[in-house]
Each structure stands twice: as C-alpha cells, then as structure tokens.
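Please brief me on this structure.

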Amino acid sequence: MLWLALVFPEWPLQARFRAQAHTQPLAVAAKQRVVALDATALAQGVRPGQRLADALALAPDLLISPRESQVEDAALKDAAGCALHFTPHVALATDGLLLEIAGSIRLFGGLDGLLRALRSALAAAGFHALSACAPTPRAARWLALGTPGRTIRGRGALPAALAALPLDVTEAGEARLATLREAGLRSVGDAMKLPRDALALRDAQALRRLIDQALGQTADPRTFFSPPPEIDSRLELPVPRHDADVLLFAASRLFNSACTQLAAAHAGIAECLLELQHEHEAPTRLELRTGTPTHDARLLASLTREHLARIALPEAVTALRLRAPDWIEQPGRSRDLFGTQAPSPQDRQEARDVLVERLRARLGRDAVYSLSASGDHRPERAQQRGEPGRAQPAAGKPQRPLWLLPEPELLAERDGQPWRNGPLHCLGRAERIEAGWWDDAGDNDHPAEALRDYYIAVGPRQERLWIYREHRAPHRWYLQGLFA
C-alpha cells in the first residue's frame, strides 16, 4: 500500500475563501486570537496565535472572519470529492486528506503524473495542499506536516525518515507534548528511543501507540469517504463585490469542484442553482440549465457569464452557493480496440488480422486461437479451439464462467458444505449435467461419463465460483471454473 497525505496550510482561511485574489490582509480568528492568515497579513507582522487587538495594531486594515467548523467540514468534503477522481480510497483528516493510491499510480503514468493531475484539480477548485507519501497513513501525514514532498516506499525506511521530525507533527495533544519537551524530548526519534515504560510514566502511552501505527506495527484503520449524491458548496468573498469577472472566477471554483466530483461518480447534472448572496437583500438566483447531463465546468461558467451580463444585482455579493440536488448517471462507453485508425468494418477486419499475426509471431502460432462451442454438455468438452475470427457462437445455455480450470479442483467438505479458504454458499438450484456415457470408461478418479450437479457459489471473499458435486458416491465437491 502507498498512502498520500494532503495537508491544507492555513485551512480555516482556505476553506472560507479558496485562494481568491485580494489586496487587503485576511485572517480567521477564534476566541479573540488569530488562527490563520494570508501572506499579506504575515508580511505586515501578524502571526498565528496573536491576540486580535495586537494584530489590528500591526495591520489596521486587517479583515477578520470568525472560524466556523461547519464551513471547514463542508470545504473538506468538497476537496475529498475532487480526490475521489484519483482513487476511491479517500479518508478525511483534521485539515487534510489521506489517499491510498497504490492502485492508481499506473493509470496516471506514475506517481509524478498522479500528483500533477491531483494538484491541478485541487487548484482549479481553490485548494492548495502540501503532500507526502509513505506505506502507512499516519507516517504519510507526519511527513506532509514535517517534510512535505518526501516519498518513502518501504517500511524499512520509515524509522529513519520519521526520527528527525519534530514532536509537534505527532498531534498527540499540546499538554502531553509540553510534558515531553520539559523532559528534554524534541523529536520523534527521541520518543522512539525511550522504553515503553518510560513513556507510560510521562502519561504518553498514546504517543507510543501513534508511533507504532506510523511504523506499521499496529493497525491504523481508516474510514473512507462516501460522498452524498448531491452538490451543495459555498464560498465567501473576502470583500463584497459587484464585478462580473470576480463573481465568475469565484463561481468557477465551485463549478470545477462540483464537476470533478461528478466525473468521479460517472454522473452529470442537467440543471443547478447558483445563489449570489448579499448582506441585506435576498439572494439572487441563477438557474443554469444545460439541456443534457454534463460535468463540464466550462459550460456552466459560460452560462453564468450570460446570466451575469443581463441581470442587475441589488447589492454587492458576499458569498456564492452552488446547489445541484439531482445527479444523472452517465455510464462510460467502451472504445473500439482500433479506434480512429480503423474507422470502417473492412479496416477493422484488416487491423484484426494484422494483430493476430503479430501476436502469433511473438507468442507462437498455437498460443493464439479462438473458442467455439461444441455439441457436448460436459464443460471440459463444451468448447473447442479454432482459427481467430471463425468462432461459432454457442446456443443459449445457463450461465457459464469464461475461465475454466484445466482440471477440476477437489474441494474440502466440512459439515456437508463445500470449503475453499472458507465456506462456499451455493446460489439457486442445481443444474444437472449427465453426458459422456458413450465414451470410454476412463478410471475411478476421472470417469469419462459425467453425472454432476452444478452450482454457482460465493466464497468468503465474495468471489463467484462454478462448483459441482458428483452424483455418485462418494459425492465429492469440485471447483470447475471462476466467474470473477
């Protein structure tokens, strides 16, 4: 497994404004103290943790917004929806995301390609993230917090990579970390050197558990994000604005976020509602209809531009909200093997012949063949090899697996139930096959005559198998084929 951790810097500010351009310094505050600020405020001397009175003394034009956990939760789910385009395994963290990406790397041409595409999608939605990769989710997050940009592939390299990180990245609680700092511990490596009993004496057993999880020595289960099938996103403007270009830019953030989520879900929308919210007036509602289901952010932006060009806003806009309650499924379509290179049926036939000959030249002539149905009910004799392109379709028969084993595999039996890495549960009724009596007798273990009851069975890992039981004593169970 390979985990990618994303950490959003100054998350309370990002979640509220999504990196919109502005000229005045911005900050988000909680309990009369600054908790997040932008680069303009930082350049004027404002610092995180500062009292608001001190911050305003340094930056009198500082725009301060209150921190709201609901805003941050909603924005984090929007970012997670974007990440689902790259992997179905996305978990929410405090101010970031954890993505299990081992199965997606090849699809995007490698880790670098995946990271580029992911950053581009997040940036279009107004999110900027620091990242790091590691074999465990907690180690990936610690690296993203302490040394962003690092990639650790093997667990054997984790102790050295984590040892140099400061204790703060462990997020083990300020009171507990303060106790450890008083004892002279500064880094994760210092804590790793201590015996477990020594950490217990300092009330830091939880830190030991976190370290074990980061090193992969203790389970660290994560709950993956499952988005609701609707769009409801909102962002605020740093200052109220009338300008159509500014409003369109902010709306594009919402459109890009929504359309990335829709693309990940293979869905589209035919209509949505964009609310332009004002401080004193009722929201201005723009109903966007596309005619056909789509997840094209540019189309939604062009429709918004047309609406903004013909309406007069009663007041400056303070925030935008996008709602699309009805998703329409858009299942993907399989592409032709030869695509535009062979547009006509004759071209495709010629391309198939060339491909077959190239495969035979590389793999051997006997390795490339087609399968045709033959008039025999016994599965092992129900199909025969033939020339590619000359296969005869089978007559209508009950469901059959494509993958038949070369020889039936004898199954164990426990309490009268077939067993293969666990109990096998038969679905439906048996299909009786009785054939081959006209052939030679064979031997006791492999009689030519088949007298079997076939079942479709589900295994302990939800695999679908095709099994049968001999009708004659000793009534043994066999595995004949696999559906998936």
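**Charges over rings**
- R464 lies over the face of F483, at 6.0 Å from the ring centre.
- R452 takes up a place over the face of Y468, 4.6 Å from the ring centre.
- A charge sits over a ring if NZ of Lys or CZ of Arg is within 6 Å of the ring centre and within 35 degrees of the ring normal.

**Basis of the model**
- This is a predicted model: local features need pLDDT of at least 70, side-chain atom pairs count only at pLDDT 80 or more, and totals for chains, interfaces and linings use all residues.
- Residues are numbered from 1 along each chain as its sequence is written, and side-chain values use heavy atoms, with hydrogens and water left out.

**Aromatic pairs**
- The structure holds nine aromatic pairs.
- Rings of Phe, Tyr and Trp (its six-membered ring) pair if their centres lie within 6.5 Å; planes under 30 degrees apart count as stacked, over 60 as edge-to-face and the rest as tilted.
- The ring centres of Y455 and W477 are 5.7 Å apart and the planes are at 45°, so this pair is tilted.
- The pair links distant parts of the chain, with Y455 in strand β19 (residues 450-458) and W477 in strand β21 (residues 477-482), 22 residues apart.
- Strands (E, at least two residues) and helices (H or I, at least four) are DSSP runs, numbered from the N terminus.
- Y455 and W477 are both buried. Buried means under 20% relative accessible area, exposed over 50% and partly exposed in between (1.4 Å probe, protein chains only).
- Y454, W466, Y468 and Y478 are linked into a cluster by ring pairs.

- E463 is buried yet has no salt bridge; R461, the nearest side chain of opposite charge, is 4.5 Å away. Lys and Arg count as positive and Asp and Glu as negative, while His and the chain ends are not counted.
- A polar atom of the E463 side chain lies 2.9 Å from the backbone nitrogen of R461.
- Q462 is in the loop between β19 and β20 too. Its phi is positive, about 65°, although Q462 is not a glycine.
- Q462 is exposed, at 62% relative accessible area.

**Salt bridges**
- A search of the whole structure finds 26 salt bridges. Each is a side-chain nitrogen of Lys or Arg within 4 Å of a carboxyl oxygen of Asp or Glu.
- E431 and R400 meet in a salt bridge at 2.9 Å, N to O. E431 is in strand β18 (residues 425-435) and R400 in the loop between β14 and β15 (403-410), 31 residues apart.
- R420 forms a salt bridge with E409, the closest N and O atoms being 3.3 Å apart. R420 lies in the loop between β17 (417-419) and β18 and E409 in strand β15, so the pair ties together parts eleven residues apart in sequence.
- R469 and E413 meet in a salt bridge at 3.7 Å, N to O. R469 is in strand β20 and E413 in strand β16 (residues 412-414), 56 residues apart.
- A network of salt bridges links R16, E68, R234 and E236.

**Strands β13 and β14**
- β13 and β14 (residues 383-386) pair in the antiparallel sense over four bridges. Two strands pair if DSSP finds at least two bridges between them.
- Opposite S372 stands Q384 in β14.

Key:
A polar contact is a pair of N or O atoms within 3.5 Å; within protein, one must be able to donate a hydrogen and the other to accept it, and residues adjacent in sequence count only if both atoms are side-chain atoms.
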